[in-house]
Amino acid sequence: MAKGTFITFEGPEGAGKTTVIKEIYRRLEQQGKHVVLTREPGGIRIAEKIRTIILDNDHEEMDGRTEALLYAAARRQHLTEKVVPALVTGAIVLCDRFVDSSLAYQGYARGLGIEEVLTINEFAIDGLMPDHTIYFDLSPEVGLARIASSGNREQNRLDNETLKFHQDVAEGYRLVQLKFPERIQPIDASGSVEEVTEIVWETVASFIS
């Protein structure tokens with residue numbers, strides 16, 4: 001049975017992932033590749049509903065463990081309903097966030113423990129880790145400033161966290177990179193959208209060549 005390539009994209013808030021991924025998807029389609037674009041939490045009906053619960057600004061009282069479990073639940077449904085079926089057909093799956101986000105945000109920044117959150121997610125993903133991960137490396141200060149100056153994005157519950165929380169997320173990602181150095185490829189996301197897009201395009205091309 002054919003197996004595709006699972007590429008995930010990670011980074012702090014305001015790193016520009018979503019914009020760049022859409023362009024990478026467009027270029028791959030132009031080349032005639034079988035490519036699927038998706039996101040987490042979300043990508044399918046049930047997971048999108050869970051996403052709404054997680055990111056709702058009115059849910060400030062949400063416990064960190066509840067948050068971690070909701071992400072894992074959305075991830076499981078997304079995998080079984082969309083990602084795995086696409087990979088079985090040989091597709092290139094581009095996913096905006098995956099397990100590493102949970103490790104950085106809930107595992108480290110929420111203080112739940114990277115290993116503890118990884119254990120929750122190992123149950124959810126049943127051994128399916130990405131083939132490759134591109135990490136958009138950007139300082140929290142720059143990312144949050146981008147969000148504040150953008151009129152195209154509605155702020156969610158995570159955007160409203162303190163600068164210290166977002167700095168902890170960045171440190172969490174650094175630790176996750178050290179844990180999975182063979183899979184995670186960091187790129188400098190401080191440049192223009194055009195510059196970052198070209199770096200990511202070259203990186204993705206090297207993955208699938």
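## A walk through the helices

On one side of helix α6, Ala 148 and Ser 149 are exposed. This is a predicted model, and α6, spanning residues 140–149, is a handy place to start.

Let's follow α7 to its next partner. Helix α5 packs against α7 at an angle of about 70°, and their axes are 12 Å apart. The two helices are therefore roughly perpendicular to each other, and the crossing of α5 with α7 is right-handed. If you want to look at the side of α5 involved, pick out Ile 114, Glu 115 and Leu 118; they meet Gly 172, Leu 175, Val 176 and Lys 179 in α7. Sorted by class, that contact has four nonpolar residues, one polar and two charged.

Helix α5 (residues 114–125) also packs with α4: here the axes come within 8 Å and cross at roughly 145°. Once again we have a right-handed crossing, this time of α4 past α5. From α4, the contact draws on Val 99, Ser 102, Leu 103, Gln 106, Gly 107 and Tyr 108, while α5 brings Ile 114, Val 117, Leu 118, Asn 121 and Ile 125.

Ala 109 has a relative accessibility of 15%, so it counts as buried. What is it in contact with, leaving aside its neighbours within four places in sequence? The list is Ala 104, Phe 165, Asp 168 and Val 169. A look at Ala 170 gives a sense of the distances: it is 61 residues from Ala 109 in sequence, but their C-alpha atoms are 8.6 Å apart in space.

Now for another helix pair. Helix α1 (residues 17–30) and helix α8 (residues 193–208) have axes that come within 10 Å and cross at roughly 50°. That angle makes α1 oblique to α8, and their crossing is right-handed. On the α1 side, the contact is made by Thr 19, Val 20, Glu 23, Ile 24, Arg 27 and Leu 28. The α8 side supplies Val 193, Val 196, Thr 197, Glu 198, Val 200, Trp 201, Val 204 and Ile 208. Between them, the residues of this contact of α1 with α8 come to nine nonpolar, two polar and three charged.

A few backbone details in the loops deserve a stop too. Between β2 (35–39) and α2 (45–55) sits Pro 41, joined to Glu 40 by a cis peptide bond with omega of about -15°. Further along, in the loop between β3 (92–96) and α4, comes Arg 97. Though not a glycine, Arg 97 has a positive phi of about 80°. Asp 126, in the loop between α5 and β4 (132–137), isn't a glycine either, and has a positive phi of about 55°. Which of the two is buried, and which is exposed? With a relative accessible area of 12%, Arg 97 is buried, whereas Asp 126, at 62% relative accessibility, counts as exposed.

Conventions. Residues are numbered from 1 along each chain as its sequence is written. This is a predicted model: local features need pLDDT of at least 70, side-chain atom pairs count only at pLDDT 80 or more; totals for chains, interfaces and linings use all residues. Side-chain values use heavy atoms; hydrogens and water are left out. Axes are lines fitted to C-alpha atoms, for helices over the stretch in contact, and angles run from 0 to 180 degrees between N-to-C directions. Helices (H or I, at least four residues) and strands (E, at least two) are DSSP runs, numbered from the N terminus. Angles under 35 degrees count as roughly parallel, over 145 as roughly antiparallel, 65 to 115 as roughly perpendicular and the rest as oblique. A crossing is left-handed if the near helix is turned anticlockwise from the far one by less than a right angle, and right-handed if clockwise. Contact means heavy atoms within 4.5 Å. Ala, Val, Leu, Ile, Met, Phe, Trp, Tyr, Cys and Pro count as nonpolar, Asp, Glu, Lys and Arg as charged, and the others, Gly among them, as polar. Buried means under 20% relative accessible area, exposed over 50%, partly exposed in between (1.4 Å probe, protein chains only).
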